[in-house]
Structure formats: structure tokens, C-alpha cells
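This report describes salt bridges and surface features in the structure shown below.

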Amino acid sequence: MSNPIQRLFAPAPHVPRLPDAEVKRKYPKLRWRIMEATFLGYAAYYLVRNNINVVKPEMQAQLAYTNEMIGSIIGMTGITYGIGKFFMGALSDRSNPRVFIAVGLLLTSIMNFAFGATSDYNLHLMIFAANGFVQGMGWPPCGRSMGHWYSERERGLTFSIWNTSHNLGGAIAGSLAAWSVHKFGGWQYAFYVPGAITAIMSLYLFWRMVDTPQSEGLPPIEEYKNDYTDEERANGIDERDFTFKELFFDYVLLNKFVWILAIANFFAYISRYAMIDWGPSYLREVKHANIMGGSFAIAAIELGGIPSTIALGYLSDRLGGRRGRVAVICMIPIIAAFALLPVLPMTITIFGNTYGMMWANLSLLFVIGLMIYPVINFITIMALDLTSKKAIGVAAGFIGLFGYVGKAVYSWGTGKALDTYIPTLGKEAAWSIPLYAAMVSSVIAMALLGLTWNQRPKA
């Protein structure tokens, strides 16, 4: 390879095959290392991605930022993350994930320190736009690694277990940011403390990760698990590194189901991020929660996604990989939850006694997380099912770009709507606008996912 960046990220070369006894000993250990390192690594990325959501009120109070300004920062970060995930996905498909994920985490840590060190809006916009772009270095190397170390028949369960990493990271991120502000004072510490943790974590990833099985003297996963498609049995496995043109055009642009999944992801990401990005502010402004109570919005959503992602991923394997069917059913409770949130009272009086309804609001957020994360997981797995492990980075990046454009449009629109309608309608009525918009987006996502009802992994 010719330039320094290519040399830095160059995939590890294949080495001679180890003896069978050594293969049997080494393969399970390295599969565990991949699951462990990618799980913890991707969780760490979320510590320095979702931290701004918790401290919006503090930033608005100290820096005089409007809802639209905060929404623009979140929205710009979503767009650059989508772009970064797409381009980094294409790059990571031909790179060493060990180096790729570690460098990305170190860069996003630096961006968080820079964000906390300034109080200028334009710099905040630029820094978190850059943060979004380098955040795109997190998912693709994980997807590449999981695709190379776990076979098709185990994909629903193993990807689902791994995919809960961002639920764990996201749940910790809100509480860590709120604790950091409470402990040290000032919104800046919501960026300094997570930044320090992720800088250390990047060194761990550089030490712990490995590249493909062949780079460790092991057979490809299809051979190890005897899990071939009919096409692979007939023609063998092409283990060369494809060109970007082959990856993008042959596996993405010319695949109609990738387009369906991408557009569905646009609306599903609105369902996913509506209350992750704005839930803490909603609970604090409308339900009168404090900063720690507001952070519970993120925790409720993220923790809700952990058991369901694993359980429904396993179920989708048992249904022969018909993940679209499960995804459609999951959208129904999400639609109901968004419909109920605006009309749920803050308090309820029973026999003259008044009780707070915060638990009920958090329960609805839990339901959203419980159901939306299996959907997001299935969209990614279906992309792998319907393309190739060689193209998972670019396919997931393309689909993810649509999702984060949806997140960006919703974040900017929410901030604009709140600034426009709170003075005239009041907080409760103004907040119902983005909530009902999320409900409509969920309906559209469900309809689009219905087009994948009969799809199964490639035979």
C-alpha cells in the first residue's frame, strides 16, 4: 500500500494454517475475544456520543443556547455520523479492525475534550460534527469482525448479544454524564470524564482485538462451523478483498432490499432517537424531573433493548431468519407508546391522594427501547443476510446513513418546533408535536419493513 493511512489500517495478512489440534484449541478462545472486545469497545463509543443529551438544560442556562441550536448540534452530529459510518464502513471492509476501532475511539475521546474546553457555539457545532464523523469508525470494524468470526446460522443470536453493547454504553452514558456534572460541577465534565475513560479503552482495544481467522492461521468461519450457503458449496468462498466499486455497486446500489431497509431505517431511527436525544429534556421540562431523573430516560430506553434484542434475535434464527416478520410486530407497541406519552398525566389522584406518574412515563420509554432495538438490530442483520460478510461495512454504512439523516431531520425539527410553539401553546402542547411525529414515523417504518415479511438469508 502506498500512503501512510493505508499502511496504518492495512488488513493483517493470511498466515499458514495451524495444525487441526491447534485450530480446535485456538478458535473458541479468539471467538470469545472478538465478542468481548467488540462488545466493550462499541459500548465505550456511546459514552462519548450521547452525553450531550443529559446536559442540554445546563448548556442552555450557561451558554444561552436555544432549543434549535442544541437540535442543530445533535442533528449535525447525526449527519456526519451517517456519512462517517458509510465511508468508514467502506474503508473498514478492507482494513484491520484492531487498529481501526482503537484509532477511532481515541479520536472521539479527543473531540470530547475539545468540546468541553470551549464555550463557542460555532466551535461546538464544528467539533461535534467532527466527533460524529470519527464515531463512524466504531460499528464497521465490529460488524466486519463479527461477520468473519460467527457464521450465518448463529448470526441472529450472536449479533443480537453483541448489539446490546450500545444499549449498555448508552445507558451508562446518560448516568455517567449526569454524575460527572453533579460530582465536579459544570456541564464540561460530562465530556471530560467520558473522554478520559475512552482514551484508556482505546489502548485496551489495540491490545485485545485481532483481524480475520485466516490472519491467525485458522480456517474461515464457514469451514470451521460447516455453515455454507448453496452458492458457497458450489463455487467456494471468495476470501479476497473486494474493491470499493464491487462492494458499493454490486452489493448495495443494485440490491432493492438494501434500499428498502435504508428508507425504513430513516423512520426507525426517528423512533429510536426521539426520546434518547430529547427524553431527558422532556422529563425535566414537562414532568419536572431533576438532572439525574432526566438521565433515567436514556437508561430506560437503552436497558429496555437488552433482553428483547437477545431473545428476539434468537427467535428470528428459529424462524429460519425471517427477521422482517418479527420487526413488523415489534413496531406496534412503539406506536402505542408514542401515542400515550403526550396524554399521560404528570400526577394521578386516587381517593384524595396524589401520586406521581414518573414511573409510568419511564415505563413507556422502556417499552420503546424494548421494541425498537430488536428492529434496529434486524435491519442490520438483514443487510448482512442479503449481501455478504465482505460488504457488511459498506451496506450497514449506507443503511445507517439514511438512519442518521432521519435522526438529524427530527432533532432539528424538534428544536425548531419547541422554540416556535412553547411561547404560544405552552410546554405540554408544544412537546406533543415531536412525540406525534415520532408516532407517525413508526407507522411508516412498520409499513416499509412489511415489504421484507418473507425474506430469509440467502440460500
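The side chains of glutamate 58 and arginine 284 form a salt bridge at 2.8 Å, N to O; the term denotes a side-chain nitrogen of Lys or Arg within 4 Å of a carboxyl oxygen of Asp or Glu. This pair links distant parts of the chain, with glutamate 58 in helix H3 (residues 56-63) and arginine 284 in helix H14 (residues 256-285), 226 residues apart. Helices are DSSP runs (H or I, at least four residues), numbered from the N terminus. Both glutamate 58 and arginine 284 are buried, that is, under 20% relative accessible area, where exposed means over 50% and partly exposed lies in between (1.4 Å probe, protein chains only).

The model is predicted: local features need pLDDT of at least 70 and side-chain atom pairs count only at pLDDT 80 or more, while totals for chains, interfaces and linings use all residues. Residues are numbered from 1 along each chain as its sequence is written, and side-chain values use heavy atoms, leaving out hydrogens and water.

The count comes to 10 salt bridges, among them the following.

| Pair | Distance, N to O |
|---|---|
| Glutamate 58 and arginine 284 | 2.8 Å |
| Arginine 17 and glutamate 223 | 3.2 Å |
| Aspartate 211 and arginine 144 | 3.2 Å |

Aspartate 211 lies in the loop between helix H10 (189-208) and H11, and arginine 144 in helix H7 (residues 139-149), so their pairing ties together parts 67 residues apart in sequence. Aspartate 211 is buried at 4% relative accessible area, and arginine 144 is buried at 4%. By contrast, arginine 17 is partly exposed at 46%, and glutamate 223 is partly exposed at 37%. Salt bridges also link Arg31, Glu154 and Lys225 in a network.

Terms used: Helices (H or I, at least four residues) and strands (E, at least two) are DSSP runs, numbered from the N terminus.
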